[in-house]
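Thanks, everyone. Have the sequence and the model open, and let's walk through it together.

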Amino acid sequence: MGTEIERKYIISPDWEPETKGDEIAQGYLADDPMRTVRVRIRAGKGYLTVKGATCGIGRAEFEYEVPLKDAREMLAMCDTRVEKVRYLVPYQGHTWEADIFHGANEGLRMAEVELSSEDEEAALPPWVTREVTGDARYYNAQLAKNPFSAWKNHD
């Protein structure tokens, strides 16, 4: 079983990426508090990911590459999508995933760092502003249903 342990942060609006990112389109075939099933297209490849319920900052995660044609067909089955560009940013021993969202989530800029354990510390880059780990509004599955542009308050 794979386990995802990560922390999420908001990115400063003045941060600019220094490298080329990957366009990502993803949708959800199943989404409830106990499990999500996501289909994603990233850099010309398709992926199917199953995630379990969040417990603390970790959860079970299983990800499989699938044929791109299949991923496109599954993505077409999804009622809502999340579109973003992901940048991989090394910082003091960790690789941060910095996402700049588009479409209905335009204006949202978020970073995640994966950890090896829940008590592992990661040095924060100067371009992250505040932590949103555990705030369900910032889960991609929630952003697909309740996009950032529809929020009355972006705090």
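Buried residues make up 45% of the 155 residues in this protein. Keep in mind that this is a predicted model. The accessible surface comes to about 8,500 Å². Carbon and sulfur atoms hold 51% of that surface.

Now overall dimensions. For 155 residues, a compact globule would have a radius of gyration near 15 Å. The protein has 15 Å, so the value agrees with the globule rule. The C-alpha trace spans about 40 × 35 × 30 Å along its principal axes.

Next, the fold. We have 2 helices and 9 strands. In sequence order, the pattern is β-β-β-β-β-α-β-β-β-β-α. Take the contacts with a separation of 6 or more: 59% of them join residues 24 or more positions apart.

On to the interior. In soluble globular proteins, nonpolar side chains tend to be buried together. Here, the largest nonpolar core has 17 residues. Trp-15, Tyr-87, Val-89, Trp-96, Ala-98 and Trp-127 have the most contacts inside it.

Let me pick two residues. First up, Met-110. Met-110 sits in strand S8. Is Met-110 buried or exposed? It counts as buried, because its relative accessibility is 1%, and the cut-off for buried is under 20%. As for Ala-30, it is 80 residues from Met-110 in sequence, and 23 Å away, C-alpha to C-alpha.

Now Glu-63. This one is in strand S5, residues 58–66. Glu-63 counts as partly exposed, because its relative accessibility is 41%. Beyond residues up to four places away in sequence, it touches Arg-38, Tyr-47, Leu-48 and Thr-49. Leu-48 is 15 residues away in sequence, with 5.7 Å between the C-alpha atoms.

Last item, charge. There are 20 positive and 28 negative side chains. How far apart are the centres of the two sets? They lie 5 Å apart.

Methods. Residues are numbered from 1 along each chain as its sequence is written. This is a predicted model: local features need pLDDT of at least 70, side-chain atom pairs count only at pLDDT 80 or more; totals for chains, interfaces and linings use all residues. Side-chain values use heavy atoms; hydrogens and water are left out. A nonpolar core is a set of buried Ala, Val, Leu, Ile, Met, Phe, Trp, Tyr and Cys residues joined through side-chain atoms within 4.5 Å. Buried means under 20% relative accessible area, exposed over 50%, partly exposed in between (1.4 Å probe, protein chains only). Helices (H or I, at least four residues) and strands (E, at least two) are DSSP runs, numbered from the N terminus. The radius of gyration is taken over C-alpha atoms; the globule rule is 2.2 Å times the number of residues to the power 0.38. Contact means heavy atoms within 4.5 Å. Accessible areas come from the Shrake-Rupley method with a 1.4 Å probe; for residues, only the protein chains shown count as cover. Lys and Arg count as positive and Asp and Glu as negative; His and the chain ends are not counted. The place of a charge is taken as NZ of Lys, CZ of Arg, CG of Asp or CD of Glu.
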